[in-house]
Amino acid sequence: RNAEDIEVQTPADLQEQFSNIIGVVSIIVIGIAAISLVVGGIGIANSMFTSVLERTKEIGIMKAIGARNSEILSIFLAEAAIIGLFGGSIGIVLGISIAYLIKLVASLGGVIINISFQLNIVLFALAFSMIIGIVSGLWPAVQASKQKPIDSLRYE
């Protein structure tokens with residue numbers, strides 16, 4: 001053999017290659033998560049716009065009997081937060097289920113994977129999904145709170 005045919009890799013080289021691969025995978029996962037958040041936010045905003053449109057007459061009645069703009073705003077923001085919380089809960093349940101499915105498949109192949117979930121991270125994910133819901137529902141809620149009672153009652 002020639003001297004060019006020999007390659008020596010130290011554990012430090014392998015660790016550097018592994019770190020590079022993990023970095024690329026992390027960037028891809030962050031990109032997918034960002035796209036998912038945008039799509040989820042658009043979905044919540046769309047649902048809230050539809051909800052405001054469908055309840056225009058109700059908004060007019062509430063305003064006619066004395067509801068303030070802030071009360072209308074808080075009703076719709078609470079609805080958006082609940083939608084976000086519901087979506088976040090579904091995401092957490094799916095994530096945990098997929099993790100245990102991967103653990104099961106790996107154990108069939110003889111690989112042992114330990115799975116652990118920290119409660120503070122799960123609660124942060126739920127809070128974050130609620131915040132995304134509130135931010136996404138803010139514009140429709142503001143539009144609902146600024147409706148004039150007479151125009152809302154006339155709406156068919």
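**Confidence**

The mean pLDDT of the chain is 90. At least 70 is reached by 97% of the residues. Where pLDDT is low, predicted coordinates should not be read in detail.

**Overall shape**

The chain has five helices and zero strands. Its radius of gyration is 25 Å, well over the 15 Å that the globule rule gives for 156 residues, so the chain is more spread out than a compact globule. Along the principal axes, the C-alpha atoms fill a box of roughly 90 × 35 × 25 Å. Buried residues make up 19% of the 156. The exposed surface comes to about 11,300 Å². Carbon and sulfur atoms supply 70% of that area. Take the contacts between residues at least 6 apart in sequence: 81% of them join residues at least 24 apart.

**Helix H3**

Helix H3 covers residues 69-108, 40 residues in total. From first C-alpha to last it reaches 59 Å. That is close to the 58 Å expected at 1.5 Å a residue. Its buried residues are Ile72, Phe76, Leu77, Ala80, Ala81, Gly84, Gly88, Ile92 and Ala106. An α-helix has 3.6 residues a turn, so residues three or four places apart point the same way. The cover over the buried residues of H3 includes helix H1 (11-54), helix H2 (56-64) and H4. Glycine 110 follows H3, and its phi is positive, near 90°.

Glycine 88 sits in H3, and serine 152 in H5. The table leaves out contacts with residues up to four places away in sequence.

| Residue | Relative accessible area | Contacts |
|---|---|---|
| Glycine 88 | 13% | Leu126, Ser129 |
| Serine 152 | 2% | Thr56, Lys57, Gly60, Gln147 |

Why does glycine 88 count as buried? Its relative accessibility is 13%, and buried means under 20%. Serine 152, at 2%, is buried as well.

How far apart are glycine 88 and glycine 40 in space? They lie 10.0 Å apart, C-alpha to C-alpha. In sequence, 48 residues separate glycine 88 from glycine 40.

Key. Residues numbered from 1 in each chain as written. Predicted model: local features only at pLDDT ≥ 70, side-chain atom pairs only at ≥ 80, totals over all residues. Heavy atoms only, no water. pLDDT = per-residue confidence, 0-100. Helix = DSSP H or I, 4+ residues; strand = E, 2+ residues; numbered from the N terminus. Expected span 1.5 Å × (residues − 1). Buried < 20%, exposed > 50% of the residue type's maximum accessible area, 1.4 Å probe, protein only. Contact = heavy atoms within 4.5 Å. Rg over C-alpha atoms; globule rule 2.2 N^0.38 Å. Areas by Shrake-Rupley, 256 points an atom, 1.4 Å probe, with all protein chains shown as cover.
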